[in-house]
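Trainee: I would like to learn how to read a model of a protein chain feature by feature. Could we begin with a detail of the backbone and then work outward to the overall form?

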Amino acid sequence: MDVGDRLKKIRQIYGFSQRELAKRVGLTNSTISMIEQNRVSPSVSSLKKILDGIPMSVSEFFTVDLNAHDKVVYRPDELIDIGSDGIELRLVGSVENKSGLALLIESYEPGADTGTEMMSHEGEEAGTVIEGSIEVTIGGEVHRLDAGDSYSFSTQIPHRFRNRSKKTCRIVSAHTPPTF
């Protein structure tokens, strides 16, 4: 294994310069440079000292997949629509990213309704109305939310969303867990 190249990549991922990492661990930046160029091979204790400044364990150093990059930017055409019947629910990210959070960009056409049967499931939901208005029923209480209004509730409480206006309503919401 190329320890020097691996150290350089990890240092760069964490955003440290050679000088900054060296200062954090009490070494000279030329020592870090020589290790990264494979001109010097660090002992396990020296490597542990360097990794403590990142911080990272020696086992993580040798096992972390440096080529695995989670996708961080999603273009509008990459968002998956999980809605139906006049409701567009665009999922930001994917279920593969193993996040504990789902972020949705929601659009409710005039008259759109999540259904007369109230939904309930494990988790929490919070959102902000970006455009238009929406009627939200939570635990039997009906609320009208307009652009700029926000909500937050336990999704174990039966709830429903309905657009009773003549304009499309747009909401940005977050849900935990992401498997609603």
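Trainee: In which segment is the place of proline 177?

Mentor: This is a predicted model, and in it proline 177 is placed in the segment after E9. The peptide bond that leads from threonine 176 to proline 177 is cis, with omega near -15°.

Trainee: Which other residues does a cis peptide bond join?

Mentor: Isoleucine 54 and proline 55 are joined by a cis peptide bond, for which omega is about -10°. Proline 55 belongs to the loop between helix H4 (44–52) and helix H5 (58–63).

Trainee: Let us turn to the backbone angle phi. What is the phi of asparagine 38, and where is the place of this residue?

Mentor: Asparagine 38 is not a glycine, yet its phi is positive, at about 60°; the residue sits in the loop between helix H3 (29–36) and H4. Aspartate 85, which is not a glycine either, has a positive phi of about 50°, and it lies in the loop between strand E1 (80–81) and strand E2 (87–92).

Trainee: Why does aspartate 85 count as exposed, and why does asparagine 38 count as partly exposed?

Mentor: The reading rests on two cut-offs, since buried means under 20% relative accessible area and exposed means over 50%, with partly exposed in between. Aspartate 85 counts as exposed because its relative accessibility is 70%, whereas asparagine 38 counts as partly exposed because its value is 43%.

Trainee: Is histidine 175 buried or exposed, and in which strand does it lie?

Mentor: Histidine 175 lies in strand E9, which covers residues 169–176, and it is buried because its relative accessible area is 4%. Its side chain is also joined to the side chain of serine 173 by a polar contact of 2.8 Å.

Trainee: With which residues is leucine 103 in contact, leaving aside its neighbours within four places in sequence?

Mentor: Leucine 103 is found in strand E3 (residues 102–108). With those sequence neighbours set aside, leucine 103 is in contact with Arg90, Leu91 and Val92, and also with Val172, Ser173 and Ala174. The C-alpha atoms of leucine 103 and proline 178 are separated by 8.1 Å, although these two residues are 75 apart along the chain. As to accessibility, leucine 103 counts as partly exposed, because its value is 33%.

Notes: Residues are numbered from 1 along each chain as its sequence is written. This is a predicted model: local features need pLDDT of at least 70, side-chain atom pairs count only at pLDDT 80 or more; totals for chains, interfaces and linings use all residues. Side-chain values use heavy atoms; hydrogens and water are left out. Helices (H or I, at least four residues) and strands (E, at least two) are DSSP runs, numbered from the N terminus. Buried means under 20% relative accessible area, exposed over 50%, partly exposed in between (1.4 Å probe, protein chains only). A polar contact is a pair of N or O atoms within 3.5 Å; within protein, one must be able to donate a hydrogen and the other to accept it, and residues adjacent in sequence count only if both atoms are side-chain atoms. Contact means heavy atoms within 4.5 Å.
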